[in-house]
Amino acid sequence: MRLKLLAHTPDVETLIAVSMLTTTSGAKPSTLYQRLKAKPGKVSEVVGRAETQHGNILEHNRFTWLVEASEPEVLAVLENSRFINTTRLGEGRWVLSCNLRAAVEYSKLHGDEFSRLVAESIVGVEPGLRRFFKGVMG
Amino acid sequence: MRVRLLSYTPLEPLMEALPGTRPRDLLPHMGYVFAVEGVSRACSHQLVRHRVASFSQQSQRYITVKRLGERVVEPPSMAGRREFLDVVKAVQEAYESLIASGVSKEDARFLLPNATETSLLMTMDGGSLLHFLGLRLCYRAQWEIRALAKEALRELRKAQPTLFREAGPYCLQLGYCPEGRFNCGRMKEAWEEYRAEP
């Protein structure tokens, strides 16, 4: 299986922090977003407090990959998660996408090649998200 | 009400990596994050019925609703009506009194009306978003969620005009009304309202 991250929504960590503060503070989400964009240090501090049991804070983003894999390999991925969108491009080529919550939960439950590749590709572009893949990556 | 598109998947890297793919076919793989602010809890109840989406909403368990009278959405049909204003005033007094007497916010909120203002983050993939717009821009949709959908469409057309040029109520997307006997009979009007500028 080969996997290449093609695109993702920007500001993933900032939006995790916005999501956390939206639920518990009276401030409006667009105000929080503007404030936090100007203070990256604050984003790390807020996200560092995240308790991912309430996983919806990890859902405000999307990661999109080009995957080269056999049909059985992709079928196994789809059987393992209801939250991954798939498009078949041609023989052995697929577009797959999901949000961070689906990727993290997949990686924690299934220690397969797909979960490792997904975690590596996400952390490769957003190093601050490594904390959510503890136990999956080294 | 205010709707802002905070973040979205850029189309260009996908088109570069997948030449020959129709942009519209990539919509299920693209994410859109909106800040939705100053809508009623009645509106947010309708929003969360769109299940292929994610929401982070201001929690009435954590946030005290201060000055309820200034934090309600008043339907135009009830503008200035005493029945509405009197109930909101009475609820505000009772809510504040309960909080002051030590009742928890999560219990006191049982009094709060559907008109109470709320703000939230809403994220959908592009495919679900087209479905949302198809349903909620329809003239049969409730006025507040239709206004919200209209703001969302305006933001989307500003950010990705090519992708959302043809987005609109289902009568515009499909070229016919799928509402059957509930057809509003105003398809031409809807097309004129929602068709993108050339």
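Me: How many bridges make β2(A) and β4(A) count as a pair?

Reply: There are 6 bridges between β2(A) and β4(A), in the antiparallel sense. Two strands pair if DSSP finds at least two bridges between them, so these two qualify. Within the pairing, A:V67 stands opposite A:W94 of β4(A). The model is predicted: local features need pLDDT of at least 70 and side-chain atom pairs count only at pLDDT 80 or more, while totals for chains, interfaces and linings use all residues. Residues are numbered from 1 along each chain as its sequence is written, and chains are lettered from A and ligands numbered from 1 in the order in which they are written.

Me: What makes β3(A) and β4(A) a hairpin?

Reply: β3(A) and β4(A) pair in the antiparallel sense over 5 bridges, and 2 residues lie between them. A:T86 is placed opposite A:L96 of β4(A). In the turn, A:G92 has a positive phi of about 70 degrees.

Me: Which strands of chain A are called edge strands, and in what sheet?

Reply: The sheet is an open one of 4 strands, ordered β1-β2-β4-β3 in chain A, with antiparallel pairing. β1 and β3 of chain A are its edge strands, since each pairs on one side only. Neighbouring strands are turned by 20 degrees against each other on average, direction ignored. Angles like this come from axes, which are lines fitted to C-alpha atoms (for helices over the stretch in contact), and run from 0 to 180 degrees between N-to-C directions.

Me: How many helices and strands does chain A have, and how are they told apart?

Reply: Chain A has 6 helices and 4 strands. Helices are DSSP runs of H or I with at least four residues, strands are runs of E with at least two, and both are numbered from the N terminus. Along the sequence the pattern is β-α-α-α-β-α-β-β-α-α.

Me: Why is chain A called as compact as a globular protein of its length?

Reply: Its radius of gyration is 16 Å, close to the 14 Å that the globule rule gives for 138 residues, so the description holds. The radius is taken over C-alpha atoms, and the rule is 2.2 Å times the number of residues to the power 0.38. The C-alpha trace of chain A spans about 50 × 30 × 25 Å along its principal axes.

Me: What decides whether A:D11 is buried or exposed?

Reply: The number of other C-beta atoms within 10 Å decides it: 20 or more is buried, 12 or fewer is exposed, and anything in between is partly exposed, with C-beta atoms placed from the backbone. A:D11 has 20 such atoms and is therefore buried. By this criterion, 42% of the 138 residues of chain A count as buried. A:D11 is found in the loop between β1 and α1 of chain A.

Me: And B:R67, is that buried or exposed?

Reply: B:R67 has 9 other C-beta atoms within 10 Å, so it is exposed. This residue is found in the loop between β3 and α3 (82-100) of chain B.

Me: What makes the phi of A:D11 and of B:R67 worth a remark?

Reply: Most residues other than glycine have a negative phi. A:D11 is not a glycine, yet its phi is positive at about 65 degrees. B:R67 also has a positive phi, near 50 degrees, and is a residue other than glycine.

Me: How many residues of each chain take part in the contact between A and B?

Reply: Chain A gives 31 residues and chain B gives 30. Two residues are in contact if their C-beta atoms, placed from the backbone, lie within 7 Å. α1(A) supplies the largest share of the chain A side, 6 residues. That side divides into 11 nonpolar, 16 polar and 4 charged residues. Here Ala, Val, Leu, Ile, Met, Phe, Trp, Tyr, Cys and Pro count as nonpolar, Asp, Glu, Lys and Arg as charged, and the others, Gly among them, as polar.

Me: What places helix α5 of chain B on the sheet?

Reply: The sheet in chain B is open, with 4 strands in the order β1-β2-β4-β3 and antiparallel pairing. Its strands β2 (residues 31-40) and β4 (residues 117-125) pair over 8 bridges. Helix α5 (residues 126-136) of chain B touches both β2 and β4, and its direction makes about 125 degrees with that of β4(B).
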